[in-house]
Amino acid sequence: MGVAVSSAQALSPANSAGGLSPQQLIEIYRLMYLSRRLDDREILLKRQQKIFFQISAAGHEALQVGAALALKPGYDWYFPYYRDRALCLAVGVTPTDMFLQAVGAATDPASGGRQMPTHWSSRSLNIVSTSSSTATQVLHAVGCAEAGRYFTRHPEAAARVEGDYRAYRDVTFHGDEVVLTCVGEGSTSQGEFWEALNTASNQKLPVIFCVEDNGYAISVPVEVNTPGGNISKLVANFPNFHFAEIDGTDAEACLRAFQAAAEHCRAGLGPAFVHGHCVRVYSHSLSDDDKLYRSAAEREADAMRDPLTKMQMRLLREGILTAEQINELEQAAEREAAEAADQALAAPLPEVSSIPRHVYSEDLDPTSAAFATEREQLAGSNPGKSASSKGSAPHTMADLINACLHDEMRRDPRIVVYGEDVADASRAEALSEVKGKGGVFKLTSGLQTEFGSERVFNSPLAEANIVGRAVGYSVRGMKPVVEIQFFDYIWPAVHQIHNELALMRWRSNGAWASPAVIRVPIGGYLTGGAIYHSQSGESIFTHIPGLRVVFPSNALDANGLLRTAIRCDDPVLFLEHKRLYRETYGRAPYPGPDFSIPFGKGKIVLPGNHITLVTYGALVPRALQAAKTAKREKGIEVEVLDLRTLSPYDWEAIATSVRKTSRVIVAHEDMLSWGYGAEIAARIADELFDDLDAPVKRIGAMDTFVAYQPVLEDAILPQPDTVLKAILDLSAY
Ligand SMILES: Cc1ncc(C[n+]2csc(CCOP(=O)(O)OP(=O)(O)O)c2C)c(N)n1
Ligand SMILES: [Mg+2]
């Protein structure tokens with residue numbers, strides 16, 4: 001037919017000054033049309049029950065192709081959402097790859113059969129794995145842009161280094177790269193959307209926020225989600241942004257808008273916001289029927305604005321293609337879609353045995369002997385700032401955590417530390433005259449002063465912001481070591497932790513990972529800590545596959561385990577008991593800058609032959625106290641096992657001890673019901689039943705929150721007496 005159709009990558013972005021060439025207009029139409037045919041083919045496959053879900057880009061194609069063609073695949077970065085088929089097609093995802101995901105094939109390059117169709121991921125194209133959660137990805141885009149800027153300013157940090165996660169987190173970056181992230185207009189109601197605009201604006205980050213406004217969030221019309229019905233009006237006062245509100249069904253207008261947005265970002269002027277009004281030609285997904293909530297007139301009006309029809313009319317009107325040439329182009333697209341579907345349907349399905357692969361890093365095992373430097377401890381070299389100020393005297397847990405942060409930041413330029421109040425002073429000019437804040441518990445004290453404001457800084461008061469950005473940082477190979485100020489306030493970040501941070505590796509079948517560290521002060525026994533400064537809840541996080549959960553009880557363990565957490569290739573939740581920060585119990589000399597403890601290795605802190613007491617955190621000193629009383633007063637020998645890490649945990653140590661004693665108590669501070677001890681007790685009952693001479697006992701807090709009045713707090717939380725009573729009860733069996 002004489003129409004040379006180039007690939008998306010071969011199409012050089014149009015010059016924003018001149019008009020689009022006929023060739024460019026044809027290529028745009030081809031991509032839009034092919035995207036629609038791929039959707040239609042998928043719909044057919046779904047109706048034939050050969051695939052299991054379908055959601056389409058129909059009506060969004062002009063906006064998405066415009067965005068793609070303004071950017072550079074494999075150079076710029078993409079955090080799309082589930083409706084971005086035309087975007088990803090134009091960026092370079094092949095139709096076959098798309099259908100491989102739809103059928104759930106083993107060879108699905110985005111997820112290996114783990115994610116629904118159109119849940120994009122491509123390492124070579126810099127498309128970071130996306131979830132189904134609306135708007136989580138915008139915070140990842142922000143963190144990604146921060147990482148790109150950081151590597152540009154600190155290229156030495158990009159170096160591959162053996163011996164820790166850096167051996168497996170390769171880094172590429174370009175000084176003028178742009179990060180694109182897309183959401184629907186309904187998703188702009190999510191707090192994470194606003195939290196992302198906040199940081200992108202404040203830090204002038206090169207992020208293009210694209211809002212694909214089709215007027216509906218499933219059945220909910222735009223005015224319900226967006227006061228006044230127009231998101232552009234609401235965001236207009238964010239500083240440093242380039243704004244564009246466009247007809248998202250006009251492909252050329254879209255391309256131009258994204259080109260201008262990219263120019264603004266590449267010039268370092270700040271982020272851009274492109275709000276495209278498009279249409280939803282089909283229902284929300286194949287699980288939805290929009291006739292149930294949209295009038296016929298409204299649906300017809302949308303159909304009249306179909307970007308495909310508009311583009312086709314233009315090609316004909318301007319004499320760029322004849323009807324016959326359009327027909328040929330469309331038939332070629334139809335064939336391409338059909339062939340791709342056939343290929344995918346013939347692809348092998350994933351092996352059931354592959355299911356556990358990539359829950360955790362396949363490269364670096366934090367339980368391995370490589371992290372076992374315990375015996376070489378006490379090297380005596382220079383500790384971090386706050387530890388050194390105390391000479392060789394035993395240090396508190398707070399000191400040795402701070403020392404580890406200093407040591408590791410010195411060793412690894414990829415580490416950034418941020419959170420609420422963690423900087424010494426955001427207004428750095430004050431540092432010459434003030435001591436600095438360095439965290440509400442002073443755990444990050446002196447870090448900003450030593451490493452500067454680019455590496456240690458305060459975040460907005462927004463926990464999802466902290467963790468969501470950490471996902472973006474860490475997919476780029478950085479090591480964010482962030483702080484959530486109190487465990488009690490981790491909840492806004494749980495969406496990011498559960499659905500994003502911990503899942504990134506598994507859902508992308510190992511292509512992406514976000515091995516960040518989240519440090520969190522936790523727990524009670526504070527005398528007045530009350531409901532919102534005393535919470536525990538570790539079992540909620542040990543229930544998340546992909547996340548390591550660490551809970552040290554003393555200064556030395558905290559130092560060695562934090563080092564392992566930082567060098568690890570998995571995301572780690574590092575729980576620090578507030579009451580233990582400055583206790584006399586568990587102080588230790590500074591163990592040197594390379595002291596580490598492997599995960600999953602408990603420690604017998606008191607040997608004994610009569611009863612095993614499995615515990616961790618603040619219950620360790622309380623259990624020891626009770627055990628010593630039991631020995632002194634009743635001659636009962638309790639073996640106290642401090643688990644130190646909760647996921648993974650040291651089953652071998654538990655089993656060995658229980659086989660010896662035949663009696664076991666599992667004790668923790670958190671509430672008894674559904675607590676961490678329930679799992680351990682159940683497994684002991686299951687696998688060690690024949691070794692037991694008595695029922696498995698559990699100790700935990702009452703099933704309430706922790707009250708303010710100390711009389712109540714004491715009664716709610718387990719005390720040494722509670723443990724002693726359980727020891728005596730159990731020994732009576
Ligand atoms: C956090 C979250 N809540 C709810 C859902 C279920 N859900 C999926 S899509 C959707 C509507 C999204 O609407 P919009 O952002 O306008 O995007 P559109 O689908 O219209 O392109 C909802 C509620 C989800 N995926 N994630
Ligand atoms: Mg919508």
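So, burial to begin with: of the 733 residues in this protein, 60% are buried, where buried is under 20% relative accessible area, exposed is over 50% and partly exposed is in between, with a 1.4 Å probe and protein chains only. Bear in mind that this is a predicted model, where local features need pLDDT of at least 70, side-chain atom pairs count only at pLDDT 80 or more, and totals for chains, interfaces and linings use all residues. Residues are numbered from 1 along each chain as its sequence is written, chains are lettered from A and ligands numbered from 1 in the order in which they are written, and side-chain values use heavy atoms, with hydrogens and water left out.

Now, overall dimensions. The C-alpha atoms fill a box of roughly 100 × 65 × 50 Å along the principal axes.

What about the inside? The largest nonpolar core has 80 residues, and F209, I497, F541 and I684 have the most contacts inside it. By nonpolar core I mean buried Ala, Val, Leu, Ile, Met, Phe, Trp, Tyr and Cys residues joined through side-chain atoms within 4.5 Å. Helix α5, residues 136-153, gives this core its largest share, nine residues. Apart from that core there's another, of 72 residues, including L31, L180, C254 and I320. Back to I497: beyond its neighbours within four places in sequence, I497 touches V467, I490, A502, I518, F541, I544 and L547, contact being heavy atoms within 4.5 Å.

On to secondary structure. We have 25 helices and 19 strands, which are DSSP runs numbered from the N terminus: H or I for helices, at least four residues, and E for strands, at least two.

Have a look at the open, mixed sheet of five strands, ordered β14-β16-β15-β18-β19. Pairing here takes at least two DSSP bridges between two strands. Strand β18, residues 664-671, runs parallel to β19, with four bridges joining them; A667 has I699 as its bridge partner in β19.

Two helices to finish. Helix α21 (619-634) lies across β14, β15, β16 and β18, at about 170° to β16. Helix α23 (676-687) lies across β18 and β19, at about 160° to β18. Those angles run from 0 to 180 degrees between N-to-C directions, with axes fitted to C-alpha atoms, for helices over the stretch in contact.
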